[in-house]
Amino acid sequence: MSLPSPGELRRLAQSAATACAPRLVEAFRAEPDGLQLSTKRNTHDLVTVHDRATEDELVRLLGAAVPGSRFVGEEGGARGTDTGHDAGPLTSPGPLATSTPDRLEWIVDPIDGTANFAHGFAMFSISIAAAVDGEVVAGVVLDPVNGLEFSADDAGAYLNGERFGAACAGDAAAADAAVTPDESALNLVTSYPSAEALTVDGPVALERFGRLVDSYATVRRTVSGALELAYTAIGWADVTLGVDTNPWDVGVGQLLVRRAGGHYLGLFYDTHGPERRPAHLAPCYVAVAPGRTAPTAVRVLEETVAVRRAAGYTR
């Protein structure tokens with residue numbers, strides 16, 4: 001059987017995220033003991049009982065909907081195709097249950113922005129990307145507290161089911177006619193420099209951050225990569241800069257930006273030339289909303305990557 005279409009994969013991702021959302025809404029701002037909060041790599045990298053349980057449920061639901069799927073997630077790492085026989089199916093067309101999608105991989109972040117979730121700050125999401133033959137073709141970023149569902153497939157980008165972006169009727173002409181705003185009028189979101197980046201890059205990281213603060217009207221640190229990119233895709237944020245990200249941080253977001261008509265520059269440490277690897281695998285990026293340019297952010301990213309490349313970084 002053939003693989004589900006990107007549109008079908010988007011709907012499956014939406015259904016899985018929606019099924020898991022009530023648990024997170026109920027747990028949000030609940031008693032701290034219920035979170036079972038712990039750390040992973042360091043005190044800045046938090047995890048709760050809900051991260052693990054939500055990822056397991058997403059794997060169960062998506063694996064039942066499309067048997068044979070592979071998974072990579074922030075909490076569980078890479079998983080094979082055996083998701084068990086008791087998994088309940090999502091609401092989906094019948095043929096999906098008999099397809100053989102050995103080329104399909106789901107990239108899952110059960111709570112993108114765990115630190116925000118744990119501290120009662122309403123800036124977190126469920127992020128699910130569907131990659132076919134290594135390329136992300138569909139996915140969803142669901143903010144369950146604020147009721148925002150960003151999704152994308154081969155046809156475009158959507159907010160709560162409504163198309164948005166330069167590809168929509170009338171938007172392309174408006175974008176062509178619009179005057180590109182000066183960089184000093186834009187707002188930028190970034191988590192650079194993180195504590196880990198300060199250790200690696202030293203004081204120059206703070207100098208780079210200072211250049212961003214000086215160049216843009218506002219610089220925000222929201223610490224939720226998927227929503228930062230979703231906000232950039234729709235134009236609520238103008239620019240996002242990311243360093244040392246993972247596929248589950250950007251899988252859907254980079255697709256949203258591109259489908260909406262924005263620009264996504266992904267950089268790797270181990271190459272100087274044209275990059276042919278999928279964008280969601282790049283550890284560093286600048287994303288720019290439609291109709292904007294961000295030369296300072298691009299220069300800061302290129303400098304950071306160049307120095308690390310010279311130091312032997314190979315990712």
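1. Asp 238 and Arg 292 form a salt bridge in this predicted model, with their closest N and O atoms 2.8 Å apart. Here a salt bridge is a side-chain nitrogen of Lys or Arg within 4 Å of a carboxyl oxygen of Asp or Glu. The pair links distant parts of the chain, 54 residues apart: Asp 238 lies in the loop between helix H7 (225-234) and strand E13 (239-242), and Arg 292 in the loop between strand E15 (284-288) and helix H9 (295-310). Helices (H or I, at least four residues) and strands (E, at least two) are DSSP runs, numbered from the N terminus. Asp 238 is buried at 6% relative accessibility, while Arg 292, at 21%, is partly exposed. Buried stands for under 20% relative accessible area, exposed for over 50%, and partly exposed for what lies in between (1.4 Å probe, protein chains only).

2. On the basis of the model: it is predicted, so that local features need pLDDT of at least 70 and side-chain atom pairs count only at pLDDT 80 or more, whereas totals for chains, interfaces and linings use all residues. Residues are numbered from 1 along each chain as its sequence is written, and side-chain values use heavy atoms, with hydrogens and water left out.

3. The chain has a mean pLDDT of 86, and 81% of its residues reach 70 or more; pLDDT is the predictor's confidence in each residue, from 0 to 100. Over residues 82-101 the value stays under 50, and the model has 41 contacts beyond four places in sequence for them, a contact being heavy atoms within 4.5 Å. Where pLDDT is low, the predicted coordinates should not be read in detail.

4. The structure holds 11 salt bridges. One of them joins Asp 201 and Arg 208 at 3.6 Å, N to O, and both residues are buried. Salt bridges with shared partners connect Asp 201, Arg 208, Asp 244 and Arg 308 in one network. Another joins Glu 57 to Arg 60, with the closest N and O atoms 2.8 Å apart. These two residues are three apart in helix H2 (residues 49-65), and so are separated by about one helical turn. Glu 57 is partly exposed at 29% relative accessible area, as is Arg 60 at 26%.

5. Strand E8 (residues 148-153) has six of its six residues buried. Leu 148, Phe 150 and Ala 152 are on one side and Glu 149, Ser 151 and Asp 153 on the other, and both faces are covered. In a regular strand the side chains alternate between the two faces of the sheet.

6. Which strands pair with E8? Strand E7 (residues 135-143) runs antiparallel to E8 and is joined to it by five bridges, with Gly 139 opposite Ala 152. E8 also pairs with strand E9 (residues 156-159), in the antiparallel sense, over four bridges, and Asp 153 stands opposite Gly 156. Two strands pair if DSSP finds at least two bridges between them.

7. Phe 150 of E8 also belongs to a cluster of ring pairs with Phe 164, Tyr 231 and Trp 236. Rings of Phe, Tyr and Trp (its six-membered ring) pair if their centres lie within 6.5 Å; planes under 30 degrees apart count as stacked, over 60 as edge-to-face and the rest as tilted. The count comes to nine aromatic pairs. Tyr 231 and Trp 236 have ring centres 5.0 Å apart and planes at 75°, so this pair is edge-to-face.
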